[in-house]
Amino acid sequence: MARPRQPLLTRERIVDAASSLVDKEGLDALSMRRLATELGVQGPSLYNHFATKADIVDAVADAVIERVDLSAFGTCDWPEALRRWARSYRQVLTEHPNVVPVLASGPGRRPAALAMAEAVFGALVDAGWPPARATHIGALMRYLVTGSALGSFALGFDIDPALYDQYPHLHRAPLLAAHHEAVDEGAFQFGLDLLINGLVARHEMGIRR
């Protein structure tokens, strides 16, 4: 039997192509027709692997979460595990910003996202946090990470100096854009330190509810 002229269509190929398209052009650019064109196949063949476009978006989102490093859970104490996880989580999201709005809605039924939630929640409960408070902490951590990855604070200011003549405390705002990576990274690290240090202090004082 002759070999097929193109590689066999697999879920992995579909997800890889969809991920590349979303990274380059955003979620709105993703359609079954466009994806089939990118893969060099007929549109109906995609439905042998995914029932809907929403299923593909879920798979793309979960492929992103699979890249988050969870190895600190079970090998480090809970504050350091949270810190390492949060840094990895943010790094992955900043590399795939167009997927962040999907991930911000929660794990849904995505296996990698549920495994991440299990790791975080389990580490907190095992450390002595009551389940309700562990849920709050996990949610708070996710707000910090996804919020910091949704957009750049530093890039939100115009570079025109004249704009800030009536705002004397913002006279250096036009300089932020040139240093946006350092500003945004510094803000995230500062917030992460405050959050984890505060949790450690409460934990050590026995204030866990």
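Colleague: Not counting residues up to four places away in sequence, which residues does Thr 146 touch?

Modeller: Keep in mind that this is a predicted model. Thr 146 is found in helix H7. Leaving out residues up to four places away in sequence, its contacts are Tyr 89, Leu 93 and Val 100.

Colleague: Does Thr 146 count as buried or exposed?

Modeller: The cut-off for buried is under 20% relative accessible area. Thr 146 has 5% relative accessibility, so it counts as buried.

Colleague: Within what arc do the buried residues of H7 fall, seen down its axis?

Modeller: Those buried residues are Ala 134, Ile 137, Gly 138, Met 141, Val 145, Thr 146, Ser 148 and Ala 149. They line one face of the helix, because the arc they fall within, seen down the axis of H7, is 160 degrees.

Colleague: Which residues are exposed on the other side of H7?

Modeller: Exposed means over 50% relative accessible area. On that other side of H7, the exposed residues are Ala 132, Tyr 143 and Leu 150.

Colleague: And what covers the buried residues of H7?

Modeller: Happy to list some of it. H7 itself spans residues 131-150. The cover over its buried residues includes helices H4 (78-95), H5 (100-103), H6 (111-126) and H8 (180-204).

Colleague: How far does H7 reach from its first C-alpha to its last?

Modeller: H7 has 20 residues, and at 1.5 Å a residue the expected reach is 28 Å. The model comes close to that, with a reach of 28 Å.

Conventions. Residues are numbered from 1 along each chain as its sequence is written. This is a predicted model: local features need pLDDT of at least 70, side-chain atom pairs count only at pLDDT 80 or more; totals for chains, interfaces and linings use all residues. Side-chain values use heavy atoms; hydrogens and water are left out. Helices (H or I, at least four residues) and strands (E, at least two) are DSSP runs, numbered from the N terminus. The expected span of a helix is 1.5 Å times one less than its number of residues. Buried means under 20% relative accessible area, exposed over 50%, partly exposed in between (1.4 Å probe, protein chains only). The arc is that of the directions from the helix axis to the C-beta atoms. Contact means heavy atoms within 4.5 Å.
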